[in-house]
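Hi everyone, thanks for coming along. I'd like to walk you through one model today, so please have a look at it first.

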Amino acid sequence: MAHFSLLVIVVITTALAFDFTNGFHDTANAMATSIATGALRPTVAVLISGVLNLAGAFLSTKVATTISSGIVNDRLATPSIIFAGLVGAILWNLATWLLGLPSSSSHALFGGLIGAVWVGAGINGVHFDQVVSKILLPAASSPIIAGIAAMIATYLAYRITRQAQERPVTRGFRHGQTISASLVSLAHGTNDAQKTMGVITLTLISTRALAPGSAPPYWVIACAGLAIGLGTYAGGWRIIRTMGNRLTDIAPPQGFAAETSSTAVILSSANLGFALSTTHVVAGSVLGTGLGHHLAHVRWSVAAQMALAWLLTLPAAATIGAVSATVAVHGGTLGVVVIGLIALAMAVTAYTISRRQPVTANNVNDIPPPQERHAALGTTTT
Amino acid sequence: MHIDWNSLGKVAMISITIAVSIVIIFSLGVLALSHHDTNTDHNGHATLALTGAILCFTTCATVVLYSIYLIIPQLHH
């Protein structure tokens, strides 16, 4: 590894940092409802999810041959451009985490890369037709599909078990939920760690450290798996709170219906070649399960904030990516170092701000009563 | 611009059908288990309920195994 340039080392480190944020941003997708219903203790939930994400990274053998699934022209992506794109993705992930908003890490990465390639290699490097079919359409359809599934499933779960005793019902659905949540975690590991492996592998290929068409070296798989596993274990508690407690109130039958719907949508879309974003699927399921039990039981103001964050993810990450690319591409290695230091400073600032009102494993389920909550958020709910 | 409506429709139909079916089967299992707990005095009912519960949960377990098969690429390549 001694012959890697400083630039390549910086890109690899940044890719792993993105992988880490990807992990803690998405813990909520698998575990938020299990934590909210008490099916799993918060610390146990993130441990299971972290281990399964790590395992998933090792299990997926698909050769990582693309950075962006064809949204940008990979051949134009130099290490500086990839670096700038990653910075855009990381900073947007940190901003949404600070606000407790679940947003898609894939969209953040695509957005960052689109901005960076646009500025660094020209507008022809961005395949805009792919943006509609691979980003916008799945983003709009996945919450609807998952929401419909969860709504019907929730209604039927309550209908079928309404004459049963409460204790076996609660216990049964909690067990079922644990299993479906674990499946989501494993599927997440096989998909999302792959993105970082692809970025690192293609960086190594572009600098001739690896032969074209090479599979990710073993150390790349291990590092990417560890980064996403540790990120997941760190737990994005703010996002878990939003997904599990703020969007709607979830009881065990609802948690089971939501997790099962998410798993069904994620697995069928992955195997039918129509990739959907895990974050959007899970948010749709949670919303649907709220509607399926008590029709008006969804806090629409929170749902609206989430929808706004989804709309902003691509342009916001693209803007940061573009600004970073301006400096990193034209400023050479010095430019990259400057952007790296600025990004690091912003990450530290985000962490410092988060410590003012920390959300942890201990208080993730304690949310202020409605009035205070409205005042704190500065919004009104239905 | 090419939008694959066919795949999208398939994903929607298949995932909604599977999710709803699993939740129905699992809920029936939970219901049967609850009947088993309340009917411990009457052996006939209790056994029937327990058999039903086991049948439901076995079906769900099979689907879980199939999901793991789908997730792990080594198993289907």
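Let me start with a term: a residue is buried if 20 or more other C-beta atoms lie within 10 Å of its own, exposed if 12 or fewer, and partly exposed in between, with C-beta atoms placed from the backbone. Some housekeeping, too: residues are numbered from 1 along each chain as its sequence is written, while chains are lettered from A and ligands numbered from 1 in the order in which they are written. This is a predicted model, so local features need pLDDT of at least 70 and side-chain atom pairs count only at pLDDT 80 or more, whereas totals for chains, interfaces and linings use all residues.

On confidence, the model scores ipTM 0.91 and pTM 0.88. Chain B has a mean pLDDT of 86, with 91% of its residues at 70 or more; pLDDT is the predictor's confidence in each residue, from 0 to 100.

Now to helix 6 of chain A. Helices here are DSSP runs of H or I, at least four residues, and strands are runs of E, at least two, numbered from the N terminus. Of the 41 residues in helix 6 of chain A, 31 are buried, so this helix is largely enclosed by the rest of the structure. A kink of about 30° is centred on Gly189(A); the bend at a residue is the angle between axes fitted to the seven residues ending there and the seven starting there.

What comes after helix 6 of chain A? That is Arg208(A), with a positive phi near 65°, in a residue other than glycine. Arg208(A) sits in the loop between helix 6 and helix 7 (218-234) of chain A, and it counts as exposed because it has 8 C-beta neighbours inside 10 Å.

Next, chain B. Its secondary structure is two helices and zero strands. The C-alpha trace spans about 65 × 30 × 10 Å along its principal axes, and buried residues make up 34% of the 77 residues.

Finally, how do the chains meet? 44 residues of chain A are in contact with 34 residues of chain B, contact meaning that C-beta atoms, placed from the backbone, lie within 7 Å. On the chain A side, helix 5 (128-160), helix 6 (166-206) and helix 9 (252-271) each supply at least two residues. Helix 5 of chain A gives the most, with 13 residues.

That's my tour; happy to chat!

Methods:
Contact = placed C-beta atoms within 7 Å.
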